[in-house]
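Please keep the viewer open as you read.

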Amino acid sequence: MVNQELDEINLLDYLGVIVKRRKMILRNSFVAAIVMAVISLLLPKYYTATTTLLPPDDGEQSGLLQGMLANAPGSLLSLAGISASSSEVFVEILKSRTVAEGVLNTRFQIEDTTRTLFDIWGEKLRSNAIKRLHESARISANEQGVIQINVELRDPDMAAQVAKAYVEQLDKVNQEKSFSRAKNSRIYIEQQLQLTEKSMATASRALADFQRKFKAVDLTEQTKVAIEKAGEIKGVIMAKEVELEVARQTMKRDNPVISRFQKQLDELRKQFDRL
């Protein structure tokens with residue numbers, strides 16, 4: 001009973017203080033509201049442009065990963081087994097210095113002129129411009145692999161253009177990687193084709209010499225099957241050698257993809273030697 005009376009007295013005391021100081025409380029609240037309104041008007045407004053990228057289909061993922069991980073950082077190479085998704089690779093590329101420099105060198109439409117971000121921001125040092133761009137852009141991928149590029153700038157149209165430039169630079173890097181891999185593959189395959197033609201000509205002459213020397217015109221069925229099987233395995237070996245050599249030309253030596261190709265090739269060579 002005593003506690004209830006004390007609580008009521010304390011509550012009445014607090015209420016009395018509020019009533020007594022009501023003018024001061026209202027005045028301070030009004031002043032604070034005006035100050036906040038003035039600050040909100042004086043502070044520069046920022047606008048955020050968002051661009052969304054969908055992850056590639058599963059059928060495209062393997063080729064994309066091998067191409068994009070060729071010169072990726074070590075942290076990503078450790079994931080290349082292939083636990084790193086293409087979305088994670090794309091996010092790292094979008095955050096890279098190469099893409100940042102490409103965005104900074106892009107000419108953006110401002111009224112009747114086109115200017116780069118160096119000119120717009122008045123930044124002469126490349127490192128400062130890259131730092132400012134990274135602070136303005138937020139790039140991430142969700143659990144479904146959808147990539148979001150958020151660019152926050154004072155001009156909404158400029159924010160949209162910069163977000164679009166990120167996508168264009170990612171596509172440019174992807175095309176350059178694909179072109180480089182295709183070029184290296186073509187050069188290596190052409191070289192291997194020339195070597196194979198020479199080897200076939202040598203083997204053909206050796207077989208003709210063997211048949212003339214031992215008069216071995218007819219081969220037994222078992223020998224034919226063994227030769228056909230050996231030929232099939234040899235063809236797979238040659239194809240795997242091409243894959244391995246192209247991987248070595250486009251990827252770092254410690255890439256797990258190269259190690260996997262080498263193990264497969266070693267096993268095929270053992271089978272061929274047994275035959």
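## The sheet

What is the order of the three strands in the open sheet? The order is 1-5-4, and the pairing is antiparallel. Two strands pair if DSSP finds at least two bridges between them. Strand 1 (47-53) and strand 4 (137-141) are the edge strands, each pairing on one side only. From one strand to the next, the twist averages 15°.

Before going further, a word on the ground rules: this is a predicted model, in which local features need pLDDT of at least 70 and side-chain atom pairs count only at pLDDT 80 or more, while totals for chains, interfaces and linings use all residues. Residues are numbered from 1 along each chain as its sequence is written, and side-chain values use heavy atoms, with hydrogens and water left out.

## Strands 4 and 5

Strand 4 and strand 5 (residues 147-153) run antiparallel and are joined by five bridges. Within this pair, S140 stands opposite Q148, and A141 stands opposite I147.

## Helix 9 and its partners

Which strands does helix 9 touch as it packs on the sheet? Helix 9 (residues 156-214) touches strand 1, strand 4 and strand 5, where contact means heavy atoms within 4.5 Å. The direction of helix 9 makes about 25° with that of strand 1. Axes are lines fitted to C-alpha atoms, for helices over the stretch in contact, and angles run from 0 to 180 degrees between N-to-C directions.

Helix 5 (residues 86-94) also packs with helix 9, at an angle of about 110° and with the axes 10 Å apart. That angle makes helix 5 roughly perpendicular to helix 9; the classes are under 35 degrees for roughly parallel, over 145 for roughly antiparallel, 65 to 115 for roughly perpendicular, and oblique for the rest. On the helix 5 side of the contact are F90, I93 and L94, which meet Y166, L170 and V173 in helix 9. The residues of this contact divide into six nonpolar, no polar and no charged. In this scheme Ala, Val, Leu, Ile, Met, Phe, Trp, Tyr, Cys and Pro count as nonpolar, Asp, Glu, Lys and Arg as charged, and the others, Gly among them, as polar.

## Burial

Is helix 5 mostly covered or mostly open? Helix 5 is mostly covered, with seven of its nine residues buried. The buried residues are S86, S87, V89, F90, V91, I93 and L94. Buried means under 20% relative accessible area, exposed means over 50%, and partly exposed lies in between (1.4 Å probe, protein chains only). For the protein chain of 275 residues, 28% count as buried.

Q161 has its place in helix 9. Q161 is buried, with a relative accessible area of 19%. Leaving aside neighbours within four places in sequence, Q161 is in contact with F108 and Q109.

## Helices 6 and 8

The axes of helix 6 (residues 97-105) and helix 8 (residues 126-136) come within 10 Å and cross at roughly 95°. The two helices are therefore roughly perpendicular to each other. R97, A100, E101, V103, L104 and N105 in helix 6 meet R126, A129, I130, L133 and H134 in helix 8. The residues of this contact divide into six nonpolar, two polar and three charged.

## Two more residues and the whole chain

Most residues other than glycine have a negative phi. E111 sits in the loop between strand 2 (108-110) and strand 3 (113-115), and at 74% relative accessibility E111 counts as exposed.

S259 lies in helix 11 (residues 256-274) and is partly exposed, with a relative accessible area of 35%. S259 and L244 are 15 residues apart in sequence and 9.0 Å apart in space, C-alpha to C-alpha.

For the protein chain, the secondary structure comes to 11 helices and five strands. Among contacts with a separation of 6 or more, residues 24 or more positions apart account for 66%.

Note on methods. Helix = DSSP H or I, 4+ residues; strand = E, 2+ residues; numbered from the N terminus.
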